[in-house]
Each structure stands twice: as structure tokens, then as C-alpha cells.
Amino acid sequence: MGGLESTSKTTTNQRIANLKQILSFTPELEESGINHHESSQNSPVILVHRSKIHLTFSFAPEGQPVRYYYDIEELKAWALNDLKPNGILSPLWIRPLNNEQSDEYELVAGKRRYHASEFAEIDMLPVRIFNWNDLEAFKASITENKNRRDFSALEDLDATLKLLAIAIEGTIEEAISLLYQMDNLKRRSGIENVLDHPQYNNIQSVFDFLGGISWESFVKSRLPLLKKPKEILESVRQGKIEYTKGLEIAKIKEPELRKKILAKAISQKLSLAEIKKFIQSHKPNSSNVVQERLDIAYKQFKKSLKKMEANPERLQQAENLLSQIEEFLKE
């Protein structure tokens, strides 16, 4: 499993070897146009009818694609203004389905282009077909999507955690726990003790493959996202709302108000500016804040009065404070 408990050297070496085999496969990035170049890692570009390509994502943990959200209006505009007149220049990545139909495929990367082709009424899609296993397909999907400019921090977080879970042969929860334990170990005892940990090479191999961020930075900048309100994270993961909008709503501390604004933002498809304006209009005014503080302070004072009566020094402090308030009110 993925905990900090010790493992045998043989088991550790085997896990590292398995992980290196998984991460040794690196799909090439797409070129700007369609071509028929073929190498050991690329297949030639062919045309396949959209109906033959299925969005099952059986290779992904929990069957969830790497990308969560697409702005439908933006997608439609791109489809009609670019794809319809110019065609799809970057091929989709697909793999054969595990069934008896030899001409049925599963989408690995290119979900945005797939949906845009529906708006553009493009039925024959340029694709590259790969005979990837589940691990290779999942890694290929991450590789392709991480290079997209609108790949959100939450999508990056979840994809990384899923790959880490595979690497340690455990669960996502165990991967999170392991990262925190390694971080604590580094702060308490130094990096040398972390380097000796039996799971360190597995963890490091994943971040070497992903690039751009260390496991230490991941703990500090990515894992805190999991502490955001559950309803916000789930709405983003289900593709109901864009990540940046969800993050803005997450700033609201009052749970009921936060849920109300989240529901309104989703149902009415509010823009980020509209969400900010709506939140501002629902903030309590300063007079209400003062009133709430006074009510709380009065209740706490009254509750503590008997204890203060037994402590002459504390009682004298309370009387001095009351005198200051009385003087303030006279002014």
C-alpha cells in the first residue's frame, strides 16, 4: 500500500522498475498540421467517423477524463469561426475498444475537439490510433492536456494524485497522506531521511515525468486546494462550473450563502464578473457587522461575569472597560 511502513528491498526495486516502465512511454506532442509521418511512437493520421469514437475513459481512474470543464459558448464560437472553415488541424488520440468491433475506438485525448466537431458539423475526424494499455493511455491523456493553457490547478492536482496512486500501488488518500508525511519528515529531520524512504523514488519519478513542479511545491501549492468547500470541488469536477468561478465562490465563509450563490452561478451561467458583483451585493454592511460583534461580546461578558466576580483584578478590568464605553457613548 502507499503508507510509510517499510517494504522489502526486492519489492521496492520491483515497484521502481514497474513505474519506470510506465513513465518511459512519452507520446510526442502534436504538430501544427495533419501529416502522415510515422515513427515508433506515432501512428499515421487517418479519418474516423465521430460515431465510432466513444467517450468511455475506461483507462482513467474512476472513469473520469483529465479535463473537467469547457465553456460551451466559447467552444461553439471556436467551432464555427475556426474549425468549420479550416477543419481540425490537430488529430485526436484514440485506441481500439476492447470488444469484437474492430472499427470502434475510445477517445484518449481531444475531448474539446470532439465536442467542437459536433457544433461545426464535422463528422469525419482526423485521428491517430495507438494500441495503448490503460496506464499508457492515462499518461498520454495527462501529457496532452498539461500543455493546454486553460488546464486548471484542480485538474492538474487530481491527475497528479491519480498517477501517484498508481505509482505507490495505493489509493489517492494514501498518496495524499504519504506526501504530507514526507513533507513533515523533511522539515523535522532533513531531506536525507526523505531520500532513504522506500517510496521516495516512486514519488520522485512521477514528478520528474510531469515536470514543472517539485513534490515539495505540490504539497504547498496544490494540496491546499482539497481544503476548499466540498460542494465547490465537486461542482468543478462534474463540469458544472469553471474552476476560476468556483474559486471565487469558495471565498464566501457562510455555508448557506455560498451554496446559494453557487447554485445561481451554475443555473444562470453567470460570468466571473457577475459572480463577484453578486457576492459583493450580499456582503453584510458595516453596521450589521458591528451589531453582530456587540451581541456576541455581550453574551460572552454576561456568561463570564460570575467568574470575574471571584477574581477582583479581572472584575476591575471589566469595570474600566465599561467606563471607557460609557465615555465613548457620551461623546
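Is Phe 328 buried or exposed? Phe 328 is exposed, at a relative accessible area of 60%. The model discussed here is predicted.

## Overall make-up

The chain contains 15 helices and five strands. Of its 331 residues, 40% count as buried. The chain exposes about 19,300 Å², and carbon and sulfur atoms supply 52% of that area. Among contacts with a separation of 6 or more, 73% are between residues 24 or more positions apart.

## A nonpolar surface patch

Phe 328 is located in helix H15, which spans residues 312–330. Phe 328 is also part of a nonpolar patch on the surface, together with Phe 301, Leu 322, Ile 325 and Leu 329. The accessible area of these residues together is about 520 Å². Helix H15 supplies the largest share of the patch, with four residues.

## Strand E4 and its partners

Strand E4 covers residues 105–109, and five of the five are buried, so the strand is largely enclosed by the rest of the structure. E4 pairs with strand E2 (residues 53–54) in the parallel sense, over two bridges. With strand E3 (residues 92–96), E4 pairs in the antiparallel sense, over four bridges. His 54 stands opposite Glu 106 of E4, while Ile 94 has Leu 107 of E4 as its bridge partner.

Glu 106 also forms a salt bridge with Arg 95, with the closest N and O atoms 2.8 Å apart. This pair links distant parts of the chain, since Arg 95 is in strand E3 and Glu 106 in strand E4, eleven residues apart. Both Arg 95 and Glu 106 are buried.

## Helix H6

Helix H6 runs over residues 172–189. At 1.5 Å a residue, its 18 residues should span 26 Å, and its end C-alpha atoms are 25 Å apart, which agrees. The buried residues of H6 are Ala 175, Ile 176, Leu 178, Leu 179, Met 182, Asp 183 and Leu 185. An α-helix has 3.6 residues a turn, so residues three or four places apart point the same way. The cover over the buried residues of H6 includes H5, helix H7 (191–195), helix H8 (200–210) and helix H9 (215–221). After H6 comes Gly 190, which has a positive phi near 100°.

## Other salt bridges

The structure holds 16 salt bridges. In one of them, the side chains of Asp 158 and Arg 237 meet at 2.8 Å, N to O. Asp 158 lies in helix H5 and Arg 237 in helix H10 (residues 230–237), so this pair ties together parts that are 79 residues apart in sequence. Asp 158 is buried at 8% relative accessibility, and Arg 237 is buried at 17%.

Glu 216 and Lys 186 form another salt bridge, at 3.1 Å from N to O. The pair links helix H9, which holds Glu 216, to helix H6, which holds Lys 186, and the two residues are 30 residues apart. Glu 216 is buried, with a relative accessible area of 16%, whereas Lys 186 is partly exposed at 30%. Salt bridges that share partners also join Lys 52, Asp 103 and Glu 104 into one network.

## Positive phi in two loops

Most residues other than glycine have a negative phi. Glu 169 has a positive phi, near 55°. Glu 169 sits in the loop between helix H5 (153–167) and helix H6 and is partly exposed, at 41% relative accessibility.

Lys 269 also has a positive phi, near 50°. Its place is the loop between helix H12 (255–267) and helix H13 (272–281). Lys 269 counts as exposed because its relative accessibility is 70%, and the cut-off for exposed is over 50%.

Definitions and conventions: Residues are numbered from 1 along each chain as its sequence is written. This is a predicted model: local features need pLDDT of at least 70, side-chain atom pairs count only at pLDDT 80 or more; totals for chains, interfaces and linings use all residues. Side-chain values use heavy atoms; hydrogens and water are left out. Buried means under 20% relative accessible area, exposed over 50%, partly exposed in between (1.4 Å probe, protein chains only). The expected span of a helix is 1.5 Å times one less than its number of residues. Contact means heavy atoms within 4.5 Å. Two strands pair if DSSP finds at least two bridges between them. Patches are made of residues with over 30% relative accessible area and no salt bridge: like charges are joined within 9 Å, nonpolar side chains (Val, Leu, Ile, Met, Phe, Trp, Tyr) within 5 Å. Accessible areas come from the Shrake-Rupley method with a 1.4 Å probe; for residues, only the protein chains shown count as cover. A salt bridge is a side-chain nitrogen of Lys or Arg within 4 Å of a carboxyl oxygen of Asp or Glu.
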